[in-house]
Amino acid sequence: MGYDFKEIENKWQAYWADQQTFKVSNHSEKPKFYILDMFPYPSGAGLHVGHPLGYIASDIYARFKRHKGFNVLHPQGYDSFGLPAEQYAIQTGQHPAKTTQDNISRYRTQLDQMGFSFDWSREVRTSSPDFYKWTQWIFLLLFDHYYCKDTDKALSITSLINRFEKEGNVNINAVCDVKIEPFSAAEWLAYEDSQQQEILLGYRLTYLSDAEVNWCAELGTVLANDEIINGVSERGGYPVTKKKMKQWSMRISAYSERLLSGLEHLDWPESLKEMQRNWIGKSIGAKVFFEIEGSDKKIEVFTTRPDTIFGVTFMTLAPELDLVQEIVQPNQKKAVDSYIKETQQRTQRERMADVKNITGVFTGAYAVHPLTGDKIPIWIGDYVLADYGTGAVMAVPCGDQRDYDFAKHFDIPITNIFKDVSVAEEAHTDKVNTIIAHSDFLNGLSYKEAMVRAIDVLEEKAAGVGTINYKLRDAVFSRQRYWGEPIPIYYKNGMPQALTLEDLPLNLPDVENYLPTPEGAPPLGNAVNWAWNEKERRIEANTAIDHTTIFPLELNTMPGWAGSSWYFYRYMDAQNPDVFVGDEAKNYWQDVDLYLGGSEHATGHLLYSRFWQKFLFDLDLLPVEEYAKKLINQGMILGTSAFVYRKPGTQTYVSKDLLSPEITCEPIRVDVSLVNASDELDVEGLKKWQPQFAEAEFEYSKGILKVGREVEKMSKSKYNVVNPDEICEQYGADTLRMYEMFLGPLEQAKPWNTAGMSGVHNFLRKFWKLFHQEDTFLVTDTVPDKKALKILHETIKKVTEDIESFSFNTCVSSFMICVNELTSMDCHSLEVLKPLTILLSPFAPHISEELWQKLGHTESIVEAPFPVFDESFLVEEEKNYPVSFNGKMRFTLSLSLALDKEAIQEAVLGYPRTQEYLEGKSPKKWIIVPNKIINIVF
């Protein structure tokens, strides 16, 4: 009987589905283990072979843990809101829900054929109203809470209002908008409702405000910083500009310190934790207040070097700050406005990265030094960003190279405040061995001493305060697109009003046009029925809006990261209609034990989800403050792209082996499916592939056109994608699973090479043949010899250790060595093959299930106890000694390790070949090292 992998894999995939083999309960006497993959966005292209890498690794570990006696939760779902489906809807008019459903069906088929042990009864989709009802509810909770610094946690807005009514806000120690002025209880009670609502927005953890955002006109939406790569949108590569808009934001900055300190307790990759540390960007320093000459305004700056306060010779403001227009002098307004317009054309990343071009404009205004009273010119410069710190810099050119270069370029004075240091050529940036000079009461002090003294004096004069600053900015939450969660807010007298849990889900309405409205409103502005009846608590037609009982609903939708910030808890209790996760489920599962996904989510999903986790923990809605104990970032499977070479100005393509250094040909990508393992291109197939090649001419020899190759990211746009469906059809899912693991260490990038599949496939055939010879089943109850048991237990030991350390590539190597040795021994013993089948089953579950059944088992192999390594089988009883004569090794002799030296001599002398080499002579000396060597000197 041959290894018919297609029949076997279809059989067992159907069995697992019918029997619901991987369905798991929320209560068990077994220890729990929750293993999770970052769920996929279901794109129209389907999965390529790079996508399943993490899923295969997690599935191996999930199956391993089941064998080890754990109650394993291993769910899967879809991050199904996203821009691609909306862009497709704009192009075709097809509703994104239809496109998404089609794509999910495709993904499900692909995932099932790879034998993943997912509990599909817990599937979630972020675009399902049953799911996003709870995403909307969490939004409302954030809207209804503020961050109290005294308790270091989120508290209800109701409790804040109670304090305002009793004592005003003077003694409130909370994270809030810097523009909020102090008020008394009497003043609060005298405010109109709209004034009170405006103040409360300055405290709420999700709030509406005018914000400068990253605007992508091509996508018609705002983008978060982590959605921008090298100045263009991550999706589509479109230009991104700065724009002021009224936006919903999340006050993630309130959790900066907790997000930072919490990293110390996580078993996550250090490189990823460092990325989050840098993104949060903690700095210790001081806020310094500079009055503005002729104005009641002040400039607030944050500096990590208050010790250099006497070296300030100018101020630089971010061009986009509102304050600029308030202080600019008439004779400088034209230049300032022109510069601001130029700055708006550049992204933050471009501005920060450009250290060569020095630009700026003097506003004509002056600040007043808080300690000396000197006039300080106020400039604007695009190297200062409005949303970093306060958007203002106290420039100390003697101690900061960028300030130094700016001062030199615009001929601004440079005051040297460092003892015995020259700043004639460059700034002095070393603070360790620095003594302050020309700085009044700071003279002679070291950096650390001057820091403390400067802050003390600034606080005494009410000109500053010691503080900690974080680079982490609040997260813009609005998106001007259709295919996302509706924000559960309506507007009454221009102020946002929250829906209630009973009103949810606020379902996404149908629209005929997925583009913004002619007036520039988001796509939801095209909805006919998108108004809220406050009295009846239901949606009404827009024409019914009367601003008395029926009000307009929010037109923006939530960002792609909203649903992914909490989905891992919905898996615990996916069918619960009453709560986002029930007490029994969350108290049993607690958190994710192992999370697998890409490091590209370090400052996006993995940060936002930690923020929501901490917030829900503050409300006693979740049992732990961090949701994932251990995180592994799987590496990327790289594609091997193929290129043909086009002669300049022609439609002639040249084989790589005919390229000439005299002519520079342009490399053109071609689909790798048209290229064989020898890098030979199917020219006729290429002509049919794209119109540009139909009438092209080709230069090649002996009927072979060779392509060039380059290893790079696997991507549809690079035509280097390999479809796993084709691999499963040709080699089987078990081969695909083992080959992806065999490619190299899980965390590293590795190139794909389909030609390597045959080696793994041959291994599985060889494993099958240990059980069969044609139609004969070979497995017997014969007691195996000691060598076979030794090989088995060496493999058990190595594979168990390697699975625990996620070294799956070396597991595959161990299996190959083991099967090769057992084959050479012609071993068909049940005592060896039964545990070996269990050992292999996490990696190759289909063939293992089939062989398990053939061994007489009626239950699935899934929960069979994992083999246990027995060290006694590895104890050596004999040694194959190398026997040398006068230092030259002549033969080997197997002897018992129990023999002493005299017994070894006797055994060697009694061996026939010994006399042959002694040539009738007697040994003069024996050199015997037990368990190592034997040397006879004669």
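**Close-up views of aromatic pairs, ring–charge contacts and cysteines**

F81 is buried, at 6% relative accessible area. This and every view below come from a predicted model.

**View A. F81 meets W483 edge-to-face.** The ring centres lie 4.9 Å apart, and the planes stand at 75°, so the pair counts as edge-to-face. W483 is buried at 4% relative accessibility.

**View B. Y34 and W589 form an edge-to-face pair.** Their ring centres are 6.4 Å apart, with the planes at 65°. Strand β1 (residues 32-37) supplies Y34, and helix α18 (residues 583-589) supplies W589. The two residues are 555 apart in the chain. Both are buried. The structure has 68 aromatic pairs.

**View C. Nine residues make up one aromatic cluster: F33, Y61, F64, F70, F806, F808, F815, F843 and F866.**

**View D. Charged side chains lie over tyrosine faces.** R251 lies over the face of Y207, 3.9 Å from the ring centre. K375 lies over the face of Y366, and here the distance to the ring centre is 4.4 Å.

**View E. Cysteines without a disulfide.** The structure holds zero disulfides. For C811, the nearest cysteine sulfur belongs to C818, 12 Å away. C811 is buried, with 0% relative accessibility. C728 also counts as buried, because its relative accessibility is 8% and the cut-off is under 20%.

Key: Residues are numbered from 1 along each chain as its sequence is written. This is a predicted model: local features need pLDDT of at least 70, side-chain atom pairs count only at pLDDT 80 or more; totals for chains, interfaces and linings use all residues. Side-chain values use heavy atoms; hydrogens and water are left out. A disulfide is a pair of cysteine sulfur atoms within 2.5 Å. Buried means under 20% relative accessible area, exposed over 50%, partly exposed in between (1.4 Å probe, protein chains only). Rings of Phe, Tyr and Trp (its six-membered ring) pair if their centres lie within 6.5 Å; planes under 30 degrees apart count as stacked, over 60 as edge-to-face and the rest as tilted. Helices (H or I, at least four residues) and strands (E, at least two) are DSSP runs, numbered from the N terminus. A charge sits over a ring if NZ of Lys or CZ of Arg is within 6 Å of the ring centre and within 35 degrees of the ring normal.
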